[in-house]
Amino acid sequence: MRRNPLSLLAVLAGLVLSALLALAPAAHAQASEGVREAAQALRQGPVYVHPEAAGELPEREAQALERKILDADKPLMVAVLPDTEEFPEETLLRELRTLTGVTGVYAVRLGDAFDAGADRAVMAPQAVGNLVSAVHGPGVDTGTELNAFADQALPQMRGSAPSSWEGVPDAGGTPVGGLITIGVLLAVVAGAVSLTTVRGRNRKRAEEREALEKLRVVVDEDITAYGEELDRLDFQPGDPSADDAQRRDYEGALDAYDKAKQLMAGARHPHDVRGVTEALADGRHALAVLAARREGRPLPERRAPCFFDPRHGPSVTDLAWTPPGGSPRDVPVCAADESRIKAGQDPAARQVATESGPRPYWEAGPAYGPWAGGYYGGALLPGLLVGTMLGTTLATPAYAGEYGGEGFAGGDFSGGDFNASDFGGDFGGGGWGGGDFGGGGDFGGGF
């Protein structure tokens, strides 16, 4: 297992957190011993299998799943529990999240049922609900279900694994509480929190740099393609046949090109890219209006770019499209893709580089959120992408926000006094396995 100089501090922080939760007149005092044991285990590693549920996920499969999560370095906690009164559906997710105290995604197999919840900083509740619905079904065995959830959730999650998973001592080790006073432990926790904060900031910067480099390749291709359109344009502002309206359209198209280049040259964060693609969309609309004026056609309405590739220009209509494994939805398409789809052919989808080779941008993960947000801003984008990899990560009002988020603490210890409304996931009310999270954090009741 991975080890670093912060390991001891992380372990001590987790132990102190346990002590404070136990000593507090907790709102969670009624949590069962089984839930507490599960939370304790998840502070030490990503997978916990209750002894009574050992047959659901054999040790070898559990170890393989744990290794997958550790290798991904993401705060995904998985528990396999028996369907008994010790684990009440109505409060299980909240109690497990609170007692574990780690910001992340929690996936629980309870008997034959399955559900999950997440802190909004890590993954939007709607995204988690979509994944639960996608992987859960009658007769699906525990190993298959949990691995399918992990395979789809890990690439979409923000943050990193909690430091308490690094260099965890054996369960039979000497209790730290017997060697050191609570006062010293609290001092250690303060130091650990400070070091963890610095590490989190450095990690966030590294994630932003990586995301921006991915975006730079795609955006530079977009800018180049737009520049080539301008070069091919047979329009001379000084031509006697040109009028002032046409010249304004042309100037607008040129200004958009210059603006896009300047914004991209000055981009320092992923969210800076949104302004670039907004400028390119403005420029292509100006070119479409200019073409209509020159040809004596009615001026086109302002429409979103072609969904399959914004370089195709503004869309001309909406057509039904169904992504693999998803549900139908209407998407804006250009004339060329409209013809392809009506002829039974695949549209010319925009491909971007991924670890598994070129894939359509909607299957490439959250780094492309700002890029797509500039083209399809407002309320349009989540509906277009629902059920796709990119769509599930953008199912939040800030879908085109900065990659990684502001002040993100995924994987950090937030303790037992976190704001429960920030954690989407409620097993009660909607029934297990349905992905019904009670309105994204409206848990009702309390501990």
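Let's start with Asp73, which counts as partly exposed because its relative accessibility is 26% (under 20% is buried, over 50% exposed and in between partly exposed, using a 1.4 Å probe and protein chains only). What you're looking at is a predicted model, so local features need pLDDT of at least 70 and side-chain atom pairs count only at pLDDT 80 or more, while totals for chains, interfaces and linings use all residues. Residues are numbered from 1 along each chain as its sequence is written, and side-chain values use heavy atoms, with hydrogens and water left out.

Back to Asp73, which sits in the loop between helix H3 (59-72) and strand S2 (76-81) (helices are DSSP runs of H or I with at least four residues, strands are E runs of at least two, both numbered from the N terminus). Its phi is positive, about 55°, even though Asp73 is not a glycine. Most residues other than glycine have a negative phi.

Zooming out, the protein has 14 helices and nine strands. Of its 447 residues, 49% are buried. Take the contacts with a separation of 6 or more: 69% of them join residues 24 or more positions apart (contact means heavy atoms within 4.5 Å). Ala116 has a relative accessible area of 0%, so it is buried, and its C-alpha lies 5.4 Å from that of Tyr106, ten residues away in sequence.

Now for some helix packing. The axes of H5 (residues 125-135) and H6 (residues 142-153) come within 9 Å and cross at roughly 140° (axes are lines fitted to C-alpha atoms over the stretch in contact, with angles from 0 to 180 degrees between N-to-C directions). On the H5 side, Val128, Leu131, Val132 and Val135 make the contact, and on the H6 side Glu145, Ala148, Phe149, Gln152 and Ala153 do. Sorted by type, the residues of this contact are seven nonpolar, one polar and one charged (Ala, Val, Leu, Ile, Met, Phe, Trp, Tyr, Cys and Pro are nonpolar, Asp, Glu, Lys and Arg charged, the others, Gly among them, polar).

On to the aromatics, where the count comes to 15 pairs (rings of Phe, Tyr and Trp, the last by its six-membered ring, pair if their centres lie within 6.5 Å; planes under 30 degrees apart are stacked, over 60 edge-to-face, the rest tilted). Phe235 and Tyr250 have ring centres 5.1 Å apart and planes at 50°, so this pair is tilted. The two link distant parts of the chain, 15 residues apart: Phe235 is in the loop between H7 (182-232) and H8 (244-265), and Tyr250 is in H8. Both Phe235 and Tyr250 are buried. Trp371 and Tyr375, by contrast, are edge-to-face, because their planes stand at 85° with the centres 5.5 Å apart. These two both lie in H11 (residues 369-375), four residues or about one turn apart. Trp371 is buried at 0% relative accessibility, and Tyr375 is buried at 5%. Trp371 and Tyr375 also belong to one aromatic cluster with Phe307, Phe308, Trp321, Tyr361, Trp362 and Tyr376.

Finally, a word on confidence. The mean pLDDT is 78, with 70% of residues at 70 or more (pLDDT is the predictor's confidence in each residue, from 0 to 100). Residues 168-179 stay under 50, and the model gives them seven contacts beyond four places in sequence. Residues 396-409 are below 50 as well, with 35 contacts beyond near neighbours in sequence. Where pLDDT is low, the predicted coordinates should not be read in detail.
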